[in-house]
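The tour goes from one selection to the next.

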Amino acid sequence: MAIDIQKKHGKTLEEAQQVADDLARDLADKFAINYGWDGDTIAFKRKGVSGEIDVTAELVHVRARLGFLLSYLEPAVEKEINRYLDEHFV
């Protein structure tokens with residue numbers, strides 16, 4: 001199962017990176033995901049889940065792969081990501 005969400009924004013790169021970091025922290029708290037920055041990309045993972053949040057000057061791109069046993073979480077994770085991006089990248 002895969003999640004692939006893109007959202008354009010009008011923020012500076014630093015502002016967008018801060019929002020992406022806040023999103024990663026929110027997902028970490030809710031779904032016990034570990035994450036860290038690698039350049040302009042946040043990589044995150046836990047057993048059965050991995051993905052990236054790419055941040056550019058115009059776009060935030062979230063990709064996540066859920067293993068079979070966690071595929072039931074896909075709607076909740078996708079909903080949370082969309083909610084967060086809609087709230088913070090208006």
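Select Glu-52 and Arg-65. Their side chains meet in a salt bridge, N to O 2.8 Å (a salt bridge is a side-chain nitrogen of Lys or Arg within 4 Å of a carboxyl oxygen of Asp or Glu). This pair links distant parts of the chain: Glu-52 sits in strand 4 (residues 49-55) and Arg-65 in strand 5 (residues 59-66), 13 residues apart. Helices (H or I, at least four residues) and strands (E, at least two) are DSSP runs, numbered from the N terminus. Arg-65 is partly exposed, at 37% relative accessible area (buried is under 20%, exposed over 50%, partly exposed in between, with a 1.4 Å probe and protein chains only).

A note on the model: it is predicted, so local features need pLDDT of at least 70 and side-chain atom pairs count only at pLDDT 80 or more, while totals for chains, interfaces and linings use all residues. Residues are numbered from 1 along each chain as its sequence is written, and side-chain values use heavy atoms, with hydrogens and water left out.

Five of them form an open sheet in the order 1-5-4-3-2, with antiparallel pairing (two strands pair if DSSP finds at least two bridges between them). At the edges are strand 1 (2-8) and strand 2 (34-38), each pairing on one side only. Neighbouring strands are turned by 10° against each other on average, direction ignored. Axes are lines fitted to C-alpha atoms, for helices over the stretch in contact, and angles run from 0 to 180 degrees between N-to-C directions.

Zoom in on strand 3 (residues 41-46). Six bridges join strand 3 to strand 4, and the two run antiparallel. Pick Thr-41: Asp-54 in strand 4 stands opposite.

Next, select helix 2 (residues 74-88). Helix 2 lies across strand 1 and strand 5, at about 5° to strand 1 (contact means heavy atoms within 4.5 Å).

Move to helix 1 (residues 13-31), which holds both Arg-25 and Asp-21, four residues apart, about one turn. They form a salt bridge, with the closest N and O atoms 2.8 Å apart. Which of the two is buried, with a relative accessible area of 13%? Asp-21 is; Arg-25 is partly exposed at 38%.

Lys-30 and Asp-26 are also four residues apart in helix 1. Their salt bridge has its closest N and O atoms 3.7 Å apart. Lys-30 is partly exposed at 46%, whereas Asp-26 is buried at 16%.

Last stop: display every salt bridge. The count comes to eleven.
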